[in-house]
Amino acid sequence: MIDKSNVLLILQVVVLIGSLAATGLFVRKAMNFHGRLWLALLVFFVCTAGFTYLSVVLPLFFFVESEQIQHNLSVDLMMYGALGLMVIGILGFAIDLMYVRPTWLVVAAAAVLSIGIAPLFYRYQQDNLNESFKVKIVSSEPPAQTIPPPK
């Protein structure tokens, strides 16, 4: 059987590379239009840290005091966190397009970067986060045997 932790890590690295590429494009466009780069950098780093933390912690509220399989929990957190961050990114991009507010483009870039960073943040803090939210990690049960073993 394939080790799921390696497959999940490969998926997380691919998502990180995609988010880095998209963030680079957002930042490049924001630098062309933003008048105060120090403000853009401040907003970018604060939003990236906040979005990364919140995109892991907020979905964990749904799993408080439950029993989960670690692999499934990681995938669920990636999906829920990425969904919220994509909404923030789309809204930030739309606000920038409608009202020409480059700071909102920086917020969108931070949300896109957080999509790639959040799964890795959870991966390295999973024991502390699971303990603080009282999520009990259980092992997956092997599938029931449907065919009797040969004699």
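Colleague: Is the crossing of α2 and α3 left-handed or right-handed?

Modeller: The crossing of α2 and α3 is right-handed. The rule: the near helix is turned clockwise from the far one by less than a right angle in a right-handed crossing, and anticlockwise in a left-handed one. Helices here are DSSP runs (H or I, at least four residues), numbered from the N terminus, as are strands (E, at least two).

Colleague: What should I know about the model before I go on?

Modeller: This is a predicted model, in which local features need pLDDT of at least 70 and side-chain atom pairs count only at pLDDT 80 or more, while totals for chains, interfaces and linings use all residues. Residues are numbered from 1 along each chain as its sequence is written, and side-chain values use heavy atoms, without hydrogens and water.

Colleague: At what angle do α2 and α3 pack?

Modeller: First, the method. Axes are lines fitted to C-alpha atoms, for helices over the stretch in contact, and angles between N-to-C directions run from 0 to 180 degrees. Angles under 35 degrees count as roughly parallel, over 145 as roughly antiparallel, 65 to 115 as roughly perpendicular, and the rest as oblique. Now the case. Helix α2 (residues 37-60) and helix α3 (residues 70-99) pack at about 125°, with axes 9 Å apart. So α2 and α3 are oblique to each other.

Colleague: Which residues make the contact of α2 with α3?

Modeller: Contact means heavy atoms within 4.5 Å. From α2 come F51, S55, V56, P59 and L60; from α3 come L73, L77, Y80, G81, L85 and I88. Nine are nonpolar, two polar and none charged. Nonpolar covers Ala, Val, Leu, Ile, Met, Phe, Trp, Tyr, Cys and Pro; charged covers Asp, Glu, Lys and Arg; the others, Gly among them, are polar.

Colleague: How do α3 and α4 cross?

Modeller: Their axes come within 7 Å and cross at roughly 165°. Therefore α3 and α4 are roughly antiparallel. The crossing of α3 and α4 is right-handed. Its contact residues divide into 18 nonpolar, seven polar and one charged.

Colleague: At what angle do α2 and α4 pack?

Modeller: The angle is about 45°, with the axes 6 Å apart. So α2 and α4 are oblique. The contact has 21 nonpolar, six polar and no charged residues. Look at L39 in α2. L39 touches H34 and T103, not counting residues up to four places away in sequence.

Colleague: Where is the kink in α4 centred?

Modeller: A bend is the angle between axes fitted to the seven residues ending at a residue and the seven starting there. In α4, a kink of about 80° is centred on Q125. After α4 comes K134, with a positive phi near 55°.
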